[in-house]
Amino acid sequence: MTDKRFASQADLAEKTVSFDKLSEHAYAYTAEGDPNTGIVIGDDAVMVIDTQATPVMAQDVIRHIRTVTDKPIEYVVLSHYHAVRVLGASGYRPRHVIASRDTYDLIVERGEADMKSEIERFPRLFRAVESVPGLTWPTLVFEKRITLWLGRLQVEIMQLGRGHTKGDTVVWLPQDRVLFSGDLVEYAATPYTGDAYLSDWPATLDALEALRPASLVPGRGAALRTPEQVKEGLDGTRAFVTAMFDEVKRGVAAGADLRAIYRTTYDALKPKFGHWVIFDHCLPFDVTRAYDEATRYRDPRIWTAERDRQMWETLEG
Ligand SMILES: [Zn+2]
């Protein structure tokens, strides 16, 4: 028996969806800390950024889009490879699924393992999981940056650095100053760092901040609708990532083992961040990756359903 239910298996209460207009062309589909979807409406087509976890769940996003436009949904952008964000893609029947080369490579390398692992971690977030036809394969793969014109609307799809994963992609509307950050930024939700590059993440947040967004759709949490709120989201994410990694590095330097470091890190972070959603789910994965990065693994190791359980038993058992 473990002290806590594994990952998010005890989290079964449905959330309320918000569909917020951020600019003439941008909307945010959010749900109280569940994974968000961004929407860009151009002159002739609609783009969706992150899809929800299943095609059936995507139908609710489409219903909301259809309250504001009847233009075709032609593009899906994957902010990164995580199953809970990408496996609903087929529900939109897009002309193109766009991802960075690094995200594509991660899908090839670990997409299958990640799908199995995430379905067990988040039973509520994979509603109608049987509707998932398999992995989501990008049809348009870019390196560093690609510009897409939706009629007169300029859409910048960019990799500004590693953080949450090595493939992190943001979507930026320079005319409207709206940024879709994926899981590089969370708001009142705990950053998941199990596949992260913690040494790089703060500098990547600086690169996002340098765009000076007027509004920002984070990976989880409410849309940030003023520059002050955007700053709060960036600062909060930076504070968590930095505090967590510093705590783990201190433990490593003192020669402590992973389980002991997990305890001290949990106790150090709980007062400040414990009220953020999925704190108890994320922290064992976060500390495990931080320990790896602080010791001998430059790149995140692949999580499998089996490795998830072993880790949980080691840290929470
Ligand atoms: Zn993610």
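Visitor: What am I looking at, and how are things counted?

Guide: This is a predicted model, where local features need pLDDT of at least 70 and side-chain atom pairs count only at pLDDT 80 or more, while totals for chains, interfaces and linings use all residues. Residues are numbered from 1 along each chain as its sequence is written, and side-chain values use heavy atoms, leaving out hydrogens and water.

Visitor: Back to α3. Which of its residues are buried?

Guide: Among them are Thr103, Leu106, Ile107, Arg110, Gly111 and Asp114. Met115, Ser117, Glu118 and Arg121 are buried as well.

Visitor: Where does α3 bend?

Guide: At Arg110, by about 70°, within a helix that covers residues 101-121. The bend is the angle between axes fitted to the seven residues ending there and the seven starting there. Arg110 is also one of the buried residues of α3.

Visitor: New topic: how many helices and strands does the protein have?

Guide: Eight helices and twelve strands. They are DSSP runs numbered from the N terminus: H or I with at least four residues for helices, E with at least two for strands.

Visitor: And how much of the protein is buried?

Guide: Buried residues make up 57% of the 317. Looking at contacts with a separation of 6 or more, 70% are between residues 24 or more positions apart.

Visitor: What box do the C-alpha atoms fill?

Guide: Roughly 60 × 40 × 35 Å, taken along the principal axes.

Visitor: Now backbone angles. What is the phi of Lys144?

Guide: Lys144 has a positive phi of about 70°, although it is not a glycine. Most residues other than glycine have a negative phi. You'll find Lys144 in the loop between β7 (140-142) and β8 (145-150).

Visitor: Is Lys144 buried or exposed?

Guide: Exposed, with a relative accessible area of 62%.

Visitor: What about Ile278, where is that?

Guide: Ile278 sits in the loop between α6 (258-273) and α7. Its phi is positive too, about 55°, and Ile278 is not a glycine.

Visitor: Buried or exposed, that Ile278?

Guide: Buried, with a relative accessible area of 16%.

How values were computed. Buried means under 20% relative accessible area, exposed over 50%, partly exposed in between (1.4 Å probe, protein chains only). Contact means heavy atoms within 4.5 Å.
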